[in-house]
Amino acid sequence: MIFKVIGFLILITFYGCYFAKMISQKKKGIQTDQIGKGKSGGTKTIEVTMKISTYLVPFAEVISIVIGTTVFPIGLRIAGACLGGAGVVIFTISVVTMRDSWRAGVSKKDRTELVTNGIYQISRNPAFLGFDLVYIGILLMFFNWILLVLSVFAAIMFHLQIVKVEEKFLLGAFGVEYLCYQNRVRQYIGRTL
């Protein structure tokens, strides 16, 4: 029962942060959800597929929590709770640090700043890292094969979004400034020497 409570708290806090940020930006006239909008070809395919996967995973997570599926020993489930909690914290810090430059998807019409301070000094993609940690955490607490497949697929789509869409966009928008940042800070966690 305690893992069900923890699982729901992780999901409520994580998605609460996500939607609260979207609502806050909407009140300022900022369209946060740019996924697939005004795009074509491979970029649109990646973004739309990523969006679909991010709807399927929480649906599967909620069902898994309600049913209480599990095959792992309590130690792995506790590790999952810790990873999920860490994912929430990392995601929240990343969204707060990004301020009004945060978007879901890329937008060529919105001019935002390149954020490299705070958590972005140790991860170029802390929001995606947060998503991945939440997915892994819930998976460890409530493992089932459907949740595994959907979570892995979503993580792959996040990675494709980063390397095929966002990094190209940021390099085009910020040029040498982004290239220097990319050479200093690793994609998910850590700094280069």
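Reply: Let's start with a charge and a ring: the charged end of R77 sits over the ring of F142, 5.3 Å from the ring's centre. For that label, NZ of Lys or CZ of Arg has to be within 6 Å of the ring centre and within 35 degrees of the ring normal.

Before going on, a word about what you're looking at. This is a predicted model, where local features need pLDDT of at least 70 and side-chain atom pairs count only at pLDDT 80 or more, while totals for chains, interfaces and linings use all residues. Residues are numbered from 1 along each chain as its sequence is written, and side-chain values use heavy atoms, with hydrogens and water left out.

The structure holds 14 aromatic pairs, where rings of Phe, Tyr and Trp (its six-membered ring) pair if their centres lie within 6.5 Å, and planes under 30 degrees apart are called stacked, over 60 edge-to-face and the rest tilted. Take F131 and F158: their ring centres are 4.9 Å apart and their planes meet at 50°, so this pair is tilted. F131 belongs to helix α4 and F158 to helix α5, so the pair ties together parts that are 27 residues apart in sequence. (A helix here is a DSSP run of H or I with at least four residues, a strand is a run of E with at least two, and numbering goes from the N terminus.)

How hidden are these rings? F131 has a relative accessible area of 9%, so it is buried, and F158, at 2%, is buried too. The cut-offs are under 20% for buried, over 50% for exposed and partly exposed in between, with a 1.4 Å probe and protein chains only. F158 has another partner, Y135: the ring centres are 5.9 Å apart with planes at 25°, so that pair is stacked. Again distant parts of the chain get linked, since Y135 is in helix α4 and F158 in helix α5, 23 residues apart. Y135 is itself buried, at 2% relative accessibility. Zoom out a bit and F131, Y135 and F158 turn up in one aromatic cluster along with F14, Y15, Y18, F19, F91 and F128.

Next, the nonpolar cores. The largest one has 33 residues, and those with the most contacts inside it are F14, F91, F131, V134, Y135, I138 and M141. At least two residues come from each of α1 (2-27), α2 (41-67), α3 (74-98), α4 (126-141) and α5 (145-174). Another core, of 12 residues, lies apart from it and includes M98, Y120, L133 and F174. A core in this sense is a set of buried Ala, Val, Leu, Ile, Met, Phe, Trp, Tyr and Cys residues joined through side-chain atoms within 4.5 Å. As a general point, nonpolar side chains in soluble globular proteins tend to be buried together.

Leaving aside neighbours within four places in sequence, G84 is in contact (heavy atoms within 4.5 Å) with I10, L133, V134 and G137. L83 is found in helix α3 as well, but it is partly exposed, with a relative accessible area of 31%. Not counting residues up to four places away, L83 touches L133, V134, I136, G137 and L140.

What about the cysteines? A disulfide is a pair of cysteine sulfur atoms within 2.5 Å, and by this rule the count comes to 0. C17 is in no disulfide, as the nearest cysteine sulfur, that of C82, is 20 Å away. C17 is buried at 15% relative accessibility, whereas C180 is partly exposed at 40%.

The protein chain has 6 helices and 0 strands. Its radius of gyration is 17 Å, close to the 16 Å that the globule rule gives for 193 residues, so it is as compact as a globular protein of that length. That radius is taken over C-alpha atoms, and the rule is 2.2 Å times the number of residues to the power 0.38. The C-alpha trace spans about 50 × 40 × 30 Å along its principal axes, and 48% of the 193 residues count as buried. Of the contacts with a separation of 6 or more, 81% come from residues 24 or more positions apart.
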